[in-house]
Amino acid sequence: NIHVIVAMNGDEISYLETGILTNKFPLNGFAVVRAMDNDAAKDHSTETFMNRQLICPYVRALVVDDEPMNLVVAKGVFRDYRLIVETANSGREALKKCETEHFDLIFLDHMMPEMDGVEVMHLLRKAHPDAPFHIIALTANATSSARDMFFREGFDEFLAKPLENTELERVLRKLLPESSVTYIAAS
């Protein structure tokens, strides 16, 4: 079975006779599942899932990026999820913070001067071999080969910049224990 879904900017046009499904742009995973009338949509339908906001109170996150504006944006995005957010503007600063503070999640920019995110991740793993943190690569390079490289190197997950809420939420649900993730009514 092959399903074809067309994302459109304008009004929906029906392709009923052809079997092509349509959806308004931007297309997201929930729209695709709903359009295909998949059983997975039953648990995450627009009415029940999209009207709830995922939050992760008490989860501590470190965001590492050499670009100050990226840190401001990330801090704002992560605060929407009620994460307790610290920032570092270099790999060296991140390593220093991890010596004295506990983090559940560490979001590492890939391309940084001095030490890139891969090198920082390796140093963190070596310095804290039993630490229960998860390290997520942040990169503008969203190719499948880059993604494969990050997993091969030892990252727990990968997020493309700019951050998309659906991808961020997927990562949060995957990496955090169920007890750390909850939902509230969307405002």
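Residues are numbered from 1 along each chain as its sequence is written, and side-chain values use heavy atoms, with hydrogens and water left out. Because the model is predicted, local features need pLDDT of at least 70 and side-chain atom pairs count only at pLDDT 80 or more, while totals for chains, interfaces and linings use all residues.

The protein has 7 helices and 9 strands. Helices (H or I, at least four residues) and strands (E, at least two) are DSSP runs, numbered from the N terminus. Of its 187 residues, 35% count as buried. Buried means under 20% relative accessible area, exposed over 50%, and partly exposed in between (1.4 Å probe, protein chains only). The protein exposes about 11100 Å². Carbon and sulfur atoms supply 53% of that area. Accessible areas come from the Shrake-Rupley method with a 1.4 Å probe; for residues, only the protein chains shown count as cover.

Confidence is given as pLDDT, the predictor's confidence in each residue, from 0 to 100. The protein averages 82, and 73% of the residues score at least 70. Confidence is highest in S4, at 97, and lowest in helix H2 (residues 40-43), at a mean of 42. Over residues 39-48 the pLDDT is below 50. Beyond near neighbours in sequence, this stretch has 10 contacts in the model.

Strand S4 is mostly covered, with 4 of its 5 residues buried. S4 and S5 run parallel and are joined by 5 bridges. The chain passes from S4 through H3 to S5 in a right-handed β-α-β crossover. Right-handed means that, with the strands pointing away from the viewer, the path from the first strand over the helix to the second runs clockwise. S4 also pairs with S6, in the parallel sense, over 4 bridges. Two strands pair if DSSP finds at least two bridges between them. Ala61 takes part on both sides: its bridge partner in S5 is Val85, and Leu105 stands opposite Ala61 in S6.

Val85 lies in strand S5 (residues 84-88). Val85 counts as buried because its relative accessibility is 9%. Leaving aside neighbours within four places in sequence, Val85 contacts Ala61, Val63, Lys75, Phe78 and Arg79. Ala74 is 11 residues from Val85 in sequence, and the two are 9.0 Å apart in space, C-alpha to C-alpha. Thr87 is also placed in S5. Thr87 counts as buried because its relative accessibility is 19%. Not counting residues up to four places away in sequence, Thr87 touches Leu62, Val63, Leu71, Lys75, Glu93 and Lys97.

The largest nonpolar core has 23 residues. Such a core is a set of buried Ala, Val, Leu, Ile, Met, Phe, Trp, Tyr and Cys residues joined through side-chain atoms within 4.5 Å. Those with the most contacts inside it include Val63, Phe78 and Leu105. S4 (60-64), H3 (68-80), S6 (105-109), S7 (134-139) and H7 (165-175) each supply at least two residues of this core. A second, separate core of 22 residues includes Cys98, Leu108, Met112 and Ile135. In soluble globular proteins, nonpolar side chains tend to be buried together. Beyond four places in sequence, Leu105 touches residues including Ala61, Leu62, Ile136 and Leu172.

Notes:
Contact = heavy atoms within 4.5 Å.
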